[in-house]
Amino acid sequence: MATGFFTDTTLCIGCKACEVACKQWNELPSDGFDFTGDSYDNTSELSGTTWRHVAFVEQMSVDDGGLRDRWLMSSDVCKHCTNAGCLEACPTGAIIRNEFDSVFIQPDICNGCGYCVVSCPFGVVDMIEKFDPEGVRYNLASLVEDRREEHKTALQGNGGVAGKCTLCYDRQKLGFVPACAKACPTDSIQFGDVEELRARARKRVETLTERGMQAQLYGADDIGGGVGPLNAFFLLTDRPEAYNLPAQPVLPSTRQPDGYAAAAVAVLGLAVAGWMIFRNA
Amino acid sequence: MDLKPTVDLTSILPRDAADLGERIGMLPNVASERTKTLKGRISGAKPVVSLCGYCAVGCSTLAYVSDDGKLLDVEGNPESPINAGHLCPKGAALFGLTVNEARWTTVKYRAPYSDRYEERPLAWALERIAQLVKKTRDDTFVRERNGKRVNHTLGIASLGGATFGIEENYMLGKLMHSLGVVSIENQARI
Amino acid sequence: MRELTEPPGREEGAPTPTYYERPLLKPPHWGWSVTTYLFTGGIMGGLGLIQLLADRHDEDERKLRRTARITSFLLAAANPALLISHLGRPERFLNMLRIMKFKSPMSLGVWGLVFYSGAAGGNVVRELANSGVVPRWLRFFAPGILTPAQALLGAFTAGYTGVLLSATANPFWSSGKRHIPAASVASGLSSACALSTLLSVLEGNGRVTHKIERLELVAATAELAILAHFERHAGNYGTPFFTGARGKRMRTYTIQAGILAPMALNLLGMLPLPKPVDATRSVIASVLTLVGGYIFRESLIEAGKLSARDPRAAFVQPT
Amino acid sequence: MPGLGTSFGRGGATVWLPDLVNADCILIEGSNFAEAHPVGFRFVMEAKERGATIIHVDPRFTRTSAVADIYAPMRSGTDIVFLGAIINYLLTNERYFKEYVSAYTNAPFIVGADFKDTEDLDGIFSGYDPDELVYDFSTWTWERDEKGHIATDPSMQHERCVLNVLRKHYARYTPEMVERVCGTPRHLFEQIAELLAKNSGRDRTTAFAYAVGWTQHTNGVQFVRTAAILQLLLGNIGRPGGGIIALRGHADIQGATDIATLYDLLPGYLPMPSANRNEQTLTDYLKTNTKKTGWWVNTPKYMVSLLKAFYGDAATKENDYCFEYLPQLIGDHSQLVTTIAMKDGTVQGYFCIGQNPGASGQNAEMTKAALESLQWFVNIDSYDNETVSFWRREGANPSKIATEVFFLPAATVLEKDGTMTQTSRLLQFHDKAVEPAGEARSDAWYFNWFAKRLKELYAGSTDPKDRPILDMTWNYDNDDPHEREKGEPSVNKVMQEINGYYTATGEQVASFADLKDDGSTASGGWIYTGVFPDKQTNRARNRDGSGEYTALNWGWAWPANRRTLYNRASADPQGKPWSERKKYVWWDETAKKWTGVDVPDFPATKAPDTPANPDATGMDFHSGADPFIMMLDGKGQMFVPGGALKDAPIPAHYEPQQSVVENALYKQQSSPVFGRYDRDDNRYNKPVDENYPYVLTTYRITEMSGIMTRYVPWLAELQPSAFCEIDPELAVKKGIKSGDWVTLSTALGEMEARALVSGRMRPLRLGKGKRVHQIGVPYNYGSMVALARGDSVGTLIAISLDPNVSIHESKTLTCNIRPGRRPQYREGPTDEPVPAKERSVFGQPEGQWMGPKANGQRQEGEKK
């Protein structure tokens, strides 16, 4: 069964429970303690060790008494694309599509080549550096011993593997809901069978439109560029760009034919030239 | 840092023709042994019903504990009519509150005029405190103030209560009142 | 997607909103090792072609072919080391050989490299057997077919170093989905020619260099044309590569010093010059080309990093 | 929470949190619901999805405002004007719920002729003593007929009946006044007033939600009172989707008020004996604290049972049940007053348990300075904190500080059994999951140890002053041998004692109705009686959440497991539901008893047509249609007579002690009776002080609580630094960019923080007049320790107290702001390194760092 997330940003209260629940379950470190001054967003983006990220978009008017003021909040996550750039790019087969149709990085296979990082049209995947349980940012030194071993060897150990949302593969295997969806107090993050979620999402848009709100789905249907529909899709009330999402993502591998063709033409041309040069001499 | 190669050749070399086929193609999808046997760490662990200790909404939590009594994971309790399994960021971090390098789990003692903490045995500290309580009480207990019986001491005060249990509040209140302490306060005024 | 009325704080027709000017994409975390990997990959490709072309039975070409084959084999042997050196988990390099994924340029590239090394190795054995360094019967393990094979695999290796970049989500790289592969091939060949020239001169095989230099001239011209067209075609996506400090560096070292100057020097080679002068000229031209070729690859990588951190570039991605 | 207590009878939220989903409209004011109680807020979101209108009134546009249907900005501390104007709106347009008001409130009562209102005396009520700064309450009372019965006018026409007193009092609270005082646009105000009116009545209900945004003011109790009056007028108390929910802060803050660790209360809201009230003997005490009518006629039963619980067999009728053992109050012994006394040397020893006044206290600097004059200080906590480490705070000189400091490691909630009472008065038991880390112990363990040890130390003493300790019952040894061996007491035994037992048999008492005043029963907290009906059943451990949303089998709510209080009012005077849609509790004619989805908060079989008996005592005084059983007269109190509240019988607006404007309503600037401590270490800004031209308000944020979160990396990264929110206009004026360091100052002190410039902070135009800038500062930080840190805003707040409950005013003050950091002091120890990252972020030198990596462990990024 294909499972996924429907993130309804109209229900998000920006509490960041998803970020913490994710890090707690996946035993991920913090990304540092820097104050950004960008609204309430101090984690700034998804990273190798931040698999849920809540964006805060302030849209405040100065003139009209604030009646149209908005503070948009949206919990971003790996999209688990139908055609995933990272999965196609991975040279080791570390990135696979599991039985829940989600894109999963096998940390024990990944060799840290970093090609998936540049192949994700959504800028989701990133590298995880050295695992240092005693480090201030980890504070995991008191973990159960075998958990620490697990981290050292298979996971962040020795650094340099790619990291991103696993859609809580290990929880799903036990029949549990992913940590973020379970924690979310307002059901802004909904987990389930993707088809059901898409139907629910379309209905939700109708309801909101009736209430005079503007709402649109992002990735519930084919998002174009060869990426196809997303297993983790969103309901937005503004342009995708406002949430730092690409309006027109493109699947990198669609460019390969042109690339190889161009190279071939160049080779052929130069080969002929070379053949003539060497023959004529 | 351990550099023992984590690649086992048998996992790389194809086992048979079919396996070889699976490993060559547009999108080979070969799961590793770890992936095949992957299982959430709370598999088989017993959940203990607890509470979130942060705010007064009163979210019920499930604490998963390993066989050797180590805390594995803390999540919301789906059966609670109050939080139905949900938690806020603080609640979701309960694990980090209990399992935390920064936590102080030993007695710290700072002698008068000293500029550092010293580790002291719990028993020693408790006895010392008990003696101090008795001394201060005996020194400062007042039976009467301008003709009225007061039976109290203003020399000892107590603060705190909203962060621990009802039973503990009762014990603290009972003890302090019996000592004659009147300045007993907690966060309810904060 | 449905058109939306603009929210407060944004006027109609205002520039695309960004998220606190924060980039959408992650930059490649690639450094000198990958640059060198791509550079040598290109050279190997060029050498593959050269060892195929140099098949006349006069002594000069045989020397040239041997040099080309031995060099390419040494590079092929050195390249995995570069790749491994940049991996976060070097001990897991072998996982590259766990699968063969046609959709992954990186995967194909590694396999291409493996087979190329095989062919090159065979051809080296052939050379050594011919010159009697090893028993003649070993030729049996290095049939003639390996010569075109190494050339083909070489062509692939050179081209893939371009596809590897252009088939990503990086706005700049992907905007040159045709140009970068083609330019990589041309640049690879010119660098290969330069290297061959250099080595030939050093081993006193001066006469053959003029042929190679003519080939290098063609390759350089092609590279120049492709880059010129790329700049017009790429538009805003190209700014990190063609403009600013990065662009200036690329123009100086790659275009001027790395292409135009050698072209001029190679044209000079048409004139009858006294031997020592001619040799010096060849050496200078070759070194300049090689440096230019390396800076070209480096500029590609660095410009990719800049492009990835541009907060707007990736909103609408090049098809 | 006397605001609710004096209006309805009990100092607890009237609402069961999940019941919010039944509301047709929810007004959130004085609370940042979504941020402070995110999980509770899911019921608000659910109500919204079901069609309810969500209104948020607040000085800041917060995460609550973001999902509300209507957000109205207001100047901090002006809620009485806003709510008072709504009262005025309802009365002038006759939009209040007449039947409810006339039947269930004291609106028809006639106020005595010599009562003078603020209208008559320009801002103060009759009986004010300007020298003592107190009121004499004798005129705040009812007119009585010759038989001594309260005079009423059911038609509510009499010009001195409460309803008309309200009309007169609130007449000047107009929309214009709202615009001028609160800075709330008139159209927004009128929209909200209309929404409240429209969504109340027989068929619809409106709920109010508030938190410390209302209480932490010099007239905070009156804020709550205004809301209570409003909800009574709208007829929303005791009904589904109605009521007032007080969102309380800490996990067990309700429990710590019920089983009070508060100086002026004994468990079960019994007042502490006070020498000032001449409560020298049990008889005196009971005389002042037993009410003739209403539920408090039972005071003797509860008090005697409490004394029996405390002192067991030693407590006998002859010795007044050891009443004399209880210490007597001689004034205000609340925390901040004690702090001042401490600084002046009265207090020698101090226990601080799970609280961090050094960061979260008002005048935090004075708090820490006060600790220096102690002989010994005991802190029980799980983490290093500003309070226990006061002696090495920035600027302190340890070599001059004599205090002997003990830190005892505390177990966390996961490491012990126990019960906590949440914000809807629901008791929930939590099981112990793991053994306490290291040497950590539960608080119960410590209290148990100290009690037993002190009994030993005083053993054999003949000094009467030591009798309380020797006679105090203390039998909490654990039956589980494993736990007993570790010295862990049985919290169940404690809870059994709180519930109460028959002194003869030791059997549990099943209901507080069974408690006696003859010493035959003991109960440590009568309101909890019923939670442990027999030795086997702890109903706080009930865990069946299925069935009705009232979930009567999940946990146990006091009193008597009632979820919504005063729910008799959910039926009309005849006992029928006001409407099918709002059915909740009603009179079952056939069964002759009250029934419904909740436990009726009313004598179970008292028929609705039971007439009142004006000459009776106790509950018989009430009719079958008097829902507020705790009150003397069974009515909801719109007018609070007899000085139950010390500052006003009906709320009047006073400016906060520190304000940027003069009081536009009355000559009286700020509350005439609030608690002042004008001394050098507690300097106030002048009421209107040109040196401090900006309003400052404080609050807490979702990601942080305090010391309990600042060490957790997952939370610290989300809000790593103390910051202040300022509006773009002010930012430009001061040349401040988002992320810059700024310094805030009051007459008391300075703090530095990072600036967060945001359009969510909107400058307010007061009517045609002044433009007011408000600055918001979170109250979660402390400068010395942890991953997330920064100065505590407590350093800016001088202690000024509400006259009723001594709650400080920290929600509104005035301040000034400048770019750049404050001067950095550099005394104190230099034995502990500071991680590079922290240094770069906070510019702290070696030695100031006392964070988790202090004890020579490896730093972030260091190689092994």
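A salt bridge is a side-chain nitrogen of Lys or Arg within 4 Å of a carboxyl oxygen of Asp or Glu. Side chains of opposite charge can pair when their charged atoms come close. With that idea in hand, let us walk through the structure.

This is a predicted model, in which local features need pLDDT of at least 70 and side-chain atom pairs count only at pLDDT 80 or more, while totals for chains, interfaces and linings use all residues. Residues are numbered from 1 along each chain as its sequence is written, chains are lettered from A and ligands numbered from 1 in the order in which they are written, and side-chain values use heavy atoms, leaving out hydrogens and water.

A search of the whole structure finds 105 salt bridges over all chains. One of them joins Arg103(B) and Glu415(D), with N and O 2.7 Å apart. This pair crosses between chains: Arg103(B) sits in the loop between helix H5 (94-98) and E5 of chain B, and Glu415(D) in the loop between E12 and strand E13 (418-421) of chain D. Helices (H or I, at least four residues) and strands (E, at least two) are DSSP runs, numbered from the N terminus. Both Arg103(B) and Glu415(D) are buried. Here buried means under 20% relative accessible area, exposed means over 50%, and partly exposed is in between (1.4 Å probe, protein chains only).

Asp138(B) forms a salt bridge with Lys465(D), and the closest N and O atoms are 3.0 Å apart. The pair joins two chains because Asp138(B) lies in helix H6 (residues 122-140) of chain B, whereas Lys465(D) lies in the loop between H19 and helix H20 (467-471) of chain D. Asp138(B) has a relative accessible area of 30%, so Asp138(B) is partly exposed. Lys465(D), with a relative accessible area of 10%, is buried.

How many residues of chain D are in contact with chain B? The contact (heavy atoms within 4.5 Å) takes 166 residues of chain D and 117 residues of chain B. The area buried between chain D and chain B is about 12,300 Å², and carbon and sulfur atoms give 64% of it. Buried area is the accessible area (1.4 Å probe) that two parts lose on being put together, summed over both. Thr261(D), Leu414(D) and Lys465(D) supply 6% of the area that chain D buries against chain B, more than any other three residues. Between chain D and chain B the count is eight salt bridges. The largest share of the side of chain D that touches chain B comes from helix H19 (residues 443-458) of chain D, with 13 residues.

Strand E5 (residues 108-110) of chain B and strand E12 (residues 404-409) of chain D run antiparallel and are joined by three bridges; two strands pair if DSSP finds at least two bridges between them. Arg110(B) stands opposite Val405(D) in E12(D).

Next comes the interface of chains A and B, where the contact takes 41 residues from chain A and 39 residues from chain B. Together they bury about 3,300 Å², with 55% of it on carbon and sulfur atoms. Three salt bridges are found across this interface. One pair is Glu75(B) and Lys182(A), whose side chains meet at 2.7 Å, N to O. H1(A) gives the most to the side of chain A that touches chain B, with five residues.

Salt bridges can also be found inside a chain. Asp431(D) forms one with Arg541(D), the closest N and O atoms being 2.7 Å apart. Asp431(D) lies in the loop between strand E14 (426-430) and H19 of chain D and Arg541(D) in the loop between strand E16 (521-522) and E17 of chain D, so the pair ties together parts that are 110 residues apart in sequence. Asp431(D) is buried, at 12% relative accessible area, whereas Arg541(D) is partly exposed, at 40%.

Finally, chain C has ten helices and one strand. Of its 319 residues, 60% count as buried. The C-alpha trace of chain C spans about 80 × 50 × 30 Å along its principal axes.
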